[in-house]
Amino acid sequence: MRIVFLYIVMFSSIFGACGQNNKEKDNKMMKFNKLTQAEENVIEHKATEHPFTGEYLNNEKEGTYVCKRCDAPLYNSSDKFDAKCGWPSFDDEIKGSVKRVVDADGRRTEIICNNCGGHLGHVFLGEQFTDKNTRHCVNSISLKFIPKDDMDEKKEESIEKAYFASGCFWGTEYFFMKAPGVIETAVGYMGGQKDNPTYKEVSTGTTGHLETTEVVYDSSKTTYGDLVRLFFETHDFTQTNGQGPDIGSQYLSCIFYNDSEEKSIAEKYMNLLVDKGYRVATMLRPAPKFWKAENYHQQYYEGNGSTPYCHAYKKIF
């Protein structure tokens, strides 16, 4: 029995050490901002800045507070309030941005950046300062403030568009509109010789257009590669005459790329599929003008409460 117990302890130690090593490895792989010695003391070694000395204690401007070490958004200015405690106070955080950890003595609850683990301060409940009855007491030195105008500009810079054709655009859009990081989608036509074509004209197969989905996404939350993978995993990219029961040139599989970087990423995944033994029928073409389809085609399945008949998700990568 003693031997069994020793084995359990030994294996627990090994796996615990492995878990810790993996965590440390992940942290080392993250790209952090360079910190001053004072910032390191607080963010990495959990020190506390002197009360009433922080840069953002009395800041009343609109904007977003992000982590000083990794730039992850943490707090909105609308949730900041004056607790007269000497440190910036917030009664809420941006969802999923802050992690709570009970101190070793069990008396207080530390708050850390959920992205990089940097120390922010402590959270207190039940003080009745605001209706949310919560106070995040945060060191200014752990934060960086981005004014609203700068934040809006940053968001605009991260918004991009991608174009995918994989058969009936109702089904293509159905999966992309649910994907993380996607802001909005629209269906339409690309690749033909007629300007502003109608659905009836495209359906004849004589205009050269493909039914296409325009995907507007936030590149700070997802990547073009993520979208390409979803594209291949939600239709039969080996079919050469259409998609499922929809036969015709307007239903062919195609990625319309905006630049050489998108082309290179798409080629990478097409080559991976070939290496896996697939015969890839997907075309790769530069993106021409996107002609938006009639309103009744937009978000078709969501509006009708149904699901695709020729598209389905299948894990490949």
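A cavity, as the word is used in these legends, is a set of grid points where a 1.4 Å probe fits but cannot get out.

**Figure 1. Overview of the predicted model and of the one cavity found in it.** In this predicted model, a search of the whole structure finds 1 cavity of 30 Å³ or more. The protein is built from 8 helices and 17 strands, and buried residues make up 44% of its 317 residues. Among contacts with a separation of 6 or more, 68% are accounted for by residues 24 or more positions apart. The accessible surface comes to about 18,000 Å², and carbon and sulfur atoms hold 51% of that surface.

**Figure 2. Confidence along the chain, with the stretch of residues 1-29.** The pLDDT of the protein averages 89, and 89% of the residues score at least 70. Over residues 1-29, by contrast, the pLDDT is below 50, and this stretch has 2 contacts in the model beyond near neighbours in sequence. Where pLDDT is low, predicted coordinates should not be read in detail.

**Figure 3. The lining of the largest cavity.** About 30 Å³ of space lies in this cavity. Its lining includes Leu-57 together with Lys-80, Phe-81, Asp-82, Ala-83, Lys-84 and Cys-85, and Trp-87, Pro-88 and Ser-89 also belong to the lining. By residue class, the lining divides into 6 nonpolar, 1 polar and 3 charged residues.

**Figure 4. Phe-52 in the loop between α2 and β1.** The loop that holds Phe-52 runs between α2 (37-43) and β1 (63-67), and the phi of Phe-52 is near 65°, a positive value in a residue other than glycine. Phe-52 counts as exposed because its relative accessibility is 58%, and exposed means over 50%. Even so, not counting residues up to four places away in sequence, Phe-52 touches Leu-57, Lys-84, Cys-85 and Gly-86; of these contacts, Leu-57, Lys-84 and Cys-85 are also among the residues that line the largest cavity. The C-alpha atoms of Phe-52 and Lys-84 are separated by 9.0 Å, although the two residues are 32 residues apart along the chain.

**Figure 5. Two further loop residues, His-45 and Asp-71.** His-45 is found in the loop between α2 and β1, and with a relative accessibility of 53% it counts as exposed. His-45 and His-119 are 74 residues apart in sequence, while their C-alpha atoms are 7.7 Å apart in space. Asp-71 has its place in the loop between β1 and β2 (73-76), where its phi is near 70°, a positive value in a residue other than glycine. At 27% relative accessibility, Asp-71 counts as partly exposed.

**Figure 6. Helix α4 and the elements packed around its buried residues.** Helix α4 spans residues 169-176 and is mostly covered, since 8 of its 8 residues are buried. These buried residues are Phe-169, Trp-170, Gly-171, Thr-172, Glu-173, Tyr-174, Phe-175 and Phe-176. The buried residues of α4 pack against the strands β10 (159-166), β11 (182-190) and β12 (210-218), and they also pack against the helices α5 (199-202), α6 (224-233) and α8 (300-304).

**Figure 7. Helix α6 and its packing partners.** In α6, which is mostly covered, 8 of the 10 residues are buried, namely Tyr-224, Gly-225, Leu-227, Val-228, Leu-230, Phe-231, Phe-232 and Glu-233. The buried residues of α6 pack against the helices α4 and α7 (260-275), and they pack as well against the strands β10, β11, β12 and β15 (253-257).

**Figure 8. Gly-188, a buried residue of strand β11.** Gly-188 lies in β11, a strand against which the buried residues of α4 pack, as do those of α6. Gly-188 counts as buried because its relative accessibility is 0%, and buried means under 20%. Between the C-alpha atoms of Gly-188 and Ala-165, 23 residues apart along the chain, the separation is 9.6 Å.

Conventions: Residues numbered from 1 in each chain as written. Predicted model: local features only at pLDDT ≥ 70, side-chain atom pairs only at ≥ 80, totals over all residues. Heavy atoms only, no water. 1 Å grid on protein atoms, 1.4 Å probe; cavity = no way out; pocket = protein on both sides within 12 Å on 5 of 7 lines; lining within 4 Å. Points joined across faces, edges and corners; volume = space filled by probe spheres on them. Nonpolar A, V, L, I, M, F, W, Y, C, P; charged D, E, K, R; others polar. Helix = DSSP H or I, 4+ residues; strand = E, 2+ residues; numbered from the N terminus. Buried < 20%, exposed > 50% of the residue type's maximum accessible area, 1.4 Å probe, protein only. Contact = heavy atoms within 4.5 Å. Areas by Shrake-Rupley, 256 points an atom, 1.4 Å probe, with all protein chains shown as cover. pLDDT = per-residue confidence, 0-100.
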